[in-house]
Amino acid sequence: MREEIVFAGFGGQGIMFMGKAIAYAAMNEGKHVTWIPSYGAEVRGGTAYAMVIISDEAIASPLIKEPTICVAMNGPSLRKYEIKVKAKGLLIINKSIADSEAKRKDIEILNIPITELAQEAGDHRIGNMVALGALLGRKKIISLESLISGLEDIVSSAYHNLLPVNERAIRKGFEYGSR
Amino acid sequence: MAKKVLMCGNEALAEAAIIAGCRFYAGYPITPQNEIPAYMSKRMLEAGGVFLQSESELAAINMVFGSSLTGARAMTSSSSPGISLKQEGISYLAACELPAVIVNIMRGGPGLGNIAPSQSDYFQAVKGGGHGDYHQIVIAPASVQEMADLTMLSFDLADKYRMPVMILGDGILGQMMEPVEFSLQPSAFSLQPKDWILDGCKGRKPRVIKSLILNETELENFNLKLQKRYREIKDKEQRCEVLYGEDSEIMLVAYGTTSRVARSVVEKLRKIGKKIGIIRPITLWPFPERTFKKLEKSVKSFLVVEMSCGQMIEDVKLAIDCAKPVHFYGRTGGKIPDEDEIIKELDAISGFSDRRSDRG
């Protein structure tokens with residue numbers, strides 16, 4: 001197993017955190033992982049991406065040219081990364097926000113109303129967790145439980161009161177992605 | 001086995017410095033190394049040491065100078081433009097035979113450049129960026145685990161040879177997160193008392209640490225003493241990693257992040273039977289010349305890959321006395337060579353990837 005994942009969206013959508021959450025959970029399952037952030041002069045509302053590789057074998061280059069999975073959390077990142085996704089790869093699109101549609105026919109496309117599902121889970125700001133759930137619903141890279149239990153370690157204890165709503169969002173996304 | 005944690009390279013380096021016994025850190029903020037001072041600002045206090053955000057890079061390196069001569073394990077970090085500012089201080093550390101660890105998480109240059117990864121400070125690091133006939137040991141990690149392990153080694157080497165050691169990383173290594181285990185303990189060496197420090201001379205002869213030596217003979221003799229030590233280091237401390245040294249026709253040569261990309265190329269081409277390997281220098285000074293001399297006999301040519309316009313390539317040519325062709329591929333300005341570009345370059349050299357794998 002080897003997946004090369006790009007998470008992309010606006011700064012402030014929790015893009016870096018999505019990558020860290022899945023990389024951390026995968027590490028705990030004994031997998032090799034790398035995580036690289038975009039670390040330019042990023043600001044809230046600017047573009048942000050995180051590159052995550054999860055593999056059963058040691059990872060030489062941590063850089064991703066053609067992701068096998070891309071999560072596009074907004075329109076600009078959809079337009080930027082649709083062309084880069086590897087043939088037969090998976091493109092997850094936040095259709096609540098994206099202002100255009102994907103055109104590729106050689107990849108799997110999952111359009112998902114992320115903001116609405118996050119709202120249903122209890123907080124419109126946690127669309128990133130919905131997207132992660134959907135990703136695991138579609139591709140069994142790691143178990144849902146690893147992801148959920150991992151959050152406890154990487155979320156600052158000051159915010160542990162938000163863990164239940166995050167879990168709900170992940171499960172909602174998972175359900176949607178498993179369909 | 002210690003528990004694996006997911007950390008970025010900068011933080012892993014900082015934590016390893018604490019474990020190695022570093023109790024003085026001074027630095028001035030600059031991307032892409034800010035996680036080092038940020039981490040130290042919290043962790044150093046827990047460890048009972050001193051964290052100081054100085055007013056400038058010059059102040060930081062001179063504070064390191066001061067704490068080192070009182071016997072502390074001391075470190076500063078910066079990125080390219082900030083490291084240029086520290087050069088005077090590094091020359092003084094070398095002149096006063098003071099151990100110190102200096103971290104350069106390189107970014108695009110020259111000048112203020114940009115904050116993207118780069119390897120264009122190689123010359124500055126290995127050829128002596130400050131004035132005078134001195135060297136610093138230069139260590140090049142290639143993973144977050146090595147950011148930790150080699151930091152511990154750097155403190156040991158600095159104390160052992162009483163000289164500055166530079167850890168030469170790049171923006172990717174600093175920012176990237178990978179699993180890391182802090183399983184190393186400070187070596188026995190690091191626990192030895194230092195008999196040269198300035199810690200108050202009550203009851204003993206006063207000691208002097210200075211770099212001003214006006215008498216020509218004395219200064220020449222001091223230089224010869226340093227050179228003798230440098231020869232010893234060249235003899236004992238060359239480090240590198242070699243993959244497929246036995247049967248490779250072409251050897252890639254790369255360090256740091258670039259070596260990770262080059263390694264992917266090697267793995268890809270080995271799967272289709274190509275005779276290619278990689279030499280990854282871990283010490284850039286001393287350069288692992290012995291390995292090059294040994295492999296030069298069986299290798300047909302070398303391809304050096306760097307995030308620069310061609311700096312380490314000079315040391316490769318020197319190491320093999322230009323006995324074999326040494327090619328170069330580099331990207332600069334914050335660009336990173338990608339696998340396809342390197343393979344294309346290999347093709348241009350020898351039709352490498354087009355050749356049938358069953359041909360010797």
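**The sheet and its surroundings**

Tutor: In chain B, B:Asn104 has B:Leu168 of β7(B) as its bridge partner. The model is a predicted one. Strand β5 (residues 100–106) of chain B and strand β7 (residues 164–170) of chain B run parallel and are joined by seven bridges. Strands of a sheet pair through backbone hydrogen bonds, in either a parallel or an antiparallel way.

The open sheet has seven strands in chain B, in the order β3-β2-β4-β5-β7-β6-β12, and its pairing is mixed. At the edges stand β3 and β12 of chain B; each has a single partner strand, so one side of each lacks a neighbour in the sheet. On average, neighbouring strands of this sheet are turned by 20° against each other, direction ignored. Helix α6 (residues 144–161) of chain B packs on the sheet, where it touches β2, β4 (73–78), β5, β6 (137–139) and β7 of chain B. The direction of α6 makes about 175° with that of β6(B).

Next come the aromatic rings. Over all chains, the count is six aromatic pairs. One of them is B:Tyr25 with B:Phe51, which is stacked, with 5.8 Å centre to centre and 5° between the planes. B:Tyr25 belongs to strand β2 (residues 22–27) of chain B and B:Phe51 to strand β3 (residues 50–53) of chain B, so this pair ties together parts that are 26 residues apart in sequence. B:Tyr25 is buried, at a relative accessible area of 0%, whereas B:Phe51 is partly exposed, at 21%.

The rings of B:Tyr230 and B:Trp285 have planes at 85° and centres 5.7 Å apart, so this pair is edge-to-face. B:Tyr230 lies in helix α8 (residues 216–236) of chain B and B:Trp285 in strand β12 (residues 283–285) of chain B, 55 residues apart, and the pair links these distant parts of the chain. Both B:Tyr230 and B:Trp285 are buried. An aromatic cluster is formed by B:Tyr122, B:Phe123 and B:Tyr255. B:Arg270 lies over the face of B:Tyr244, 4.1 Å from the ring centre.

The cysteines remain. The count of disulfides over all chains is zero. B:Cys201 is in no disulfide, and its nearest cysteine sulfur, that of B:Cys96, is 18 Å away. B:Cys201 is partly exposed, with a relative accessible area of 35%. For B:Cys309, the closest cysteine sulfur is in B:Cys322, at 20 Å, which is too far for a bond. B:Cys309 is exposed, with a relative accessible area of 65%.

Definitions and conventions
Residues are numbered from 1 along each chain as its sequence is written. Chains are lettered from A and ligands numbered from 1 in the order in which they are written. This is a predicted model: local features need pLDDT of at least 70, side-chain atom pairs count only at pLDDT 80 or more; totals for chains, interfaces and linings use all residues. Side-chain values use heavy atoms; hydrogens and water are left out. Rings of Phe, Tyr and Trp (its six-membered ring) pair if their centres lie within 6.5 Å; planes under 30 degrees apart count as stacked, over 60 as edge-to-face and the rest as tilted. Helices (H or I, at least four residues) and strands (E, at least two) are DSSP runs, numbered from the N terminus. Buried means under 20% relative accessible area, exposed over 50%, partly exposed in between (1.4 Å probe, protein chains only). A charge sits over a ring if NZ of Lys or CZ of Arg is within 6 Å of the ring centre and within 35 degrees of the ring normal. A disulfide is a pair of cysteine sulfur atoms within 2.5 Å. Two strands pair if DSSP finds at least two bridges between them. Axes are lines fitted to C-alpha atoms, for helices over the stretch in contact, and angles run from 0 to 180 degrees between N-to-C directions. Contact means heavy atoms within 4.5 Å.
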